[in-house]
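Please open the structure in a viewer and keep a selection tool at hand. The stops below proceed from an entire chain to individual side chains.

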Amino acid sequence: MTTKHILSNIKVLDFTHAVAGPTSTRLMAEMGADIIKVELAPTGDMIRGMPYFKDGRSGYYVQQNRGKKSLCLDMRKPEALNILKKLVAQSDILLENFTPGVIADMGLSWDVVHEINPELIYCSISAFGQTGPLSKLPGYDYMGQAYAGVTSLIGDPEDGPMMPMLAMGDVNTGVHATAAIGMALFHRSQGGGGQYIDCSLLDSYFHCQDMNVQLCSNTNGEVQPSRNGRHHPAVAPDGIFKGKDSYMFVIALTPKQWRGVCEVVGRPELFDDPRYATFGDRAAHLPEIVKLIEDWIVSMPSDDAAREALEAAYVPVAPVLTPAQAMEHPHLIERGTVRTISDRGLGEFQIPGMPLRFSKFTDLLPLQAPYLGEHNESVLRERLEMSDEEIMQLTENEVLVAEAIPA
Amino acid sequence: MTPKQILSNIKVLDFTHALAGPTTTRLMAEMGADIIKVELAPRGDMTRAMAYYKNGRSAYFVQQNRGKKSLCVDMREPESVEILKKLIAQSDVLLENYTPGVIADMGLGWDVAHEINPDLIYCSISAFGQTGPLSHLPGFDYMGQAYAGVTSLMGEADDAPVMPTISMGDVNTGVHALAAINGALFYRSQGGGGQRIDCSLLDSYFHCHDLNVQLYSNTDGQKQLTRNGRHHPAVAPDGIYRGRDSCMFVIAVTVKQWQALCQTMGRPELLEDPRFKSNADRLANIDELIEVIEGWITSMPSDDAAREALEAARVPVAPVLSPGEAMQHPHHIERGTIRTINDRVLGEFQVPGMPLRFSECSDSLNLEAPFLGEHNASILRERLAMSDDEINELSERQILIEEAIPA
């Protein structure tokens, strides 16, 4: 039977909080999965307390949790664990991103859950992974980035490393988890049963070492990739060039691209100059290359005119936009890379678009982010067939917690 | 029937080159897929010419292409298109990462492939996507990064942005593609048929804005994060601190973490110090805060001792390692985040490990990277039932190209 959306018949029990784990379930929500977000009383996911706020509602929370149901309970009460075990029995996927060991202490380790439901796919996300000497340490995005050798590659060579102002690793670890879960789902559909997935920020960041690891290993450490400010240390032109009032990336590695640069800057004879024959030769003469290109950019009527001249010659070029400038770019708007959503508390605002584009599902689902405990009653009634009396008693005993939904 | 590996029964026709696309098929190879890498005569994938080299063999190519078969054809000959159409008829997944429009010009666009094989999943990866005003432009990782507003977030606040010397976006776009393909494979297993996936560097980079887009949008542009060197502009302490001979990330954003940091530094009185009481106070006095923390780190017997003291107090901390240092870390080695592979020419060297960890199918496969056109004859014989005579004729006419394999 064909489902209505990619994950329409898939039930997810989501213990994740903050960014990495909720990114994974956010993508699943976009693909139509039925997601119960389990939030711990009294305050739930910590990013309900992160800006932007309006009347206590967090734009950050809404971005990360649209299309999920909120079940908020007090895990110190035994009834809460029983409810979760019953939900485990009927779920396809469980995700969690507590520090390793914490969910086992709560009574919902992989062993316990696998015993309850052998078909369940169980995905743990952590900073450093479930095993190894670092596994017990707490960590944010930047800890995985630093241990993976990534932070050391950002900044000026003669100065300290710098930190990027976004949690790229959290988001991409969530995508790694989604890829692994998709594989496990496909495997299960072929009769493979459930299994455990161990996903980490450190693994995902280290996985991004495209060139550096094999280069360092094959040269026995003689070549040590390092940060180099605005220009690539080994190839040129490949870096950030300064214009009149903005910066732009220009990269010309192939002979065709380098010829394009020489012609656009009005120096076609440089293409045959042996000093600049290969991208390595050009890197050895980097100050001359930088001067050549930057002098030409500022000689143009505008930075945009320079960029357009390079585009016309098929030389890879891109303006270094701020997030705000990117949000206003017609290409990002036309493709829905940036999109507008509507929330009951916040009204309309923009968030990054759905990055997984399926030709069979071009219309995005109208998803809403839940208020804390908003779906306590409906989950227990519809999923576990509990009576109104039972649910009321759990609420009175404060096993279930819910915030008021503004009118 | 349960497959031996997750993708054991899946046939992939792989037209990708360079980095983003081959990352996707590299992960699929690790999961047991049968992958034919289609390389264009005469030289094949451009990364066959990228460092490190030994006897003409590129370790970068090997890292990205283990476990794939190489079919090298001259696409200007009509026989090549016929061969590829026959392979499309029996494939499950097709990937390509040419500039949009190029593969359609070759005669193998989505419409043609979908007509031949309606169950085929067809994934295109590009810098800017298949539609929109930028779609026709060539681009590397950094072009997507710059247009997504990511590059602008790295560097000193009062200076130019800097570039990371790592192609994180290429690798993560490959993982986005994998997540989408897995969704499509699962959907197909439920009877949904084939479909097209449009994946781009720009989408994947823009997707990484965890906080910035919703903050800018909700405040109508009043608030936006900008690059800020080594320290977060909105929370403190959250940044890179200098020790005696290394740098480390220290993040103490919860009340508990800030208390633990002050206790560890032997400065409990700071908790009541009006300069540091709240996050806003600490931001307002960031220079003094940096002085306090860096003063304490350098007062310790070593940077390691300072880090260990913070670890013991469960304050998130991480040394900023170079890729070379990360490759020697016992945690990375124990978990296989870094691993050693063996190539027929290069011998043993290290590459990043498999970042998708499954409890079933956990043994790493013994994969080899192909020489150019190494599998021309076996693919045509086994997949298309061609005779030796037919294959020889195609080789003699140089429709099929292969390099010599060293003895």
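The tour begins with conventions and then turns to chain B and to aromatic rings.

This is a predicted model, in which local features need pLDDT of at least 70 and side-chain atom pairs count only at pLDDT 80 or more, while totals for chains, interfaces and linings use all residues. Residues are numbered from 1 along each chain as its sequence is written, chains are lettered from A and ligands numbered from 1 in the order in which they are written, and side-chain values use heavy atoms, without hydrogens and water.

Select chain B. Its C-alpha trace spans about 85 × 50 × 45 Å along the principal axes. Of its 407 residues, 62% are buried (under 20% relative accessible area, with exposed over 50% and partly exposed in between; 1.4 Å probe, protein chains only).

Next, display the aromatic side chains: eleven aromatic pairs are found over all chains (Phe, Tyr or six-membered Trp rings with centres within 6.5 Å; planes under 30 degrees apart are stacked, over 60 edge-to-face, the rest tilted). Select A:W258 and A:Y276, whose ring centres lie 6.3 Å apart with planes at 70°, so the pair is edge-to-face. Both A:W258 and A:Y276 are buried.

Move to B:F128 and B:Y147, where the centres are 5.4 Å apart and the planes stand at 85°, so this pair is also edge-to-face. B:F128 is buried, at 1% relative accessible area, and B:Y147 is buried at 1% as well.

Finally, select B:R57 and B:F371: the charged end of B:R57 sits over the ring of B:F371, 3.8 Å from its centre (NZ of Lys or CZ of Arg within 6 Å of the ring centre and within 35 degrees of the ring normal).
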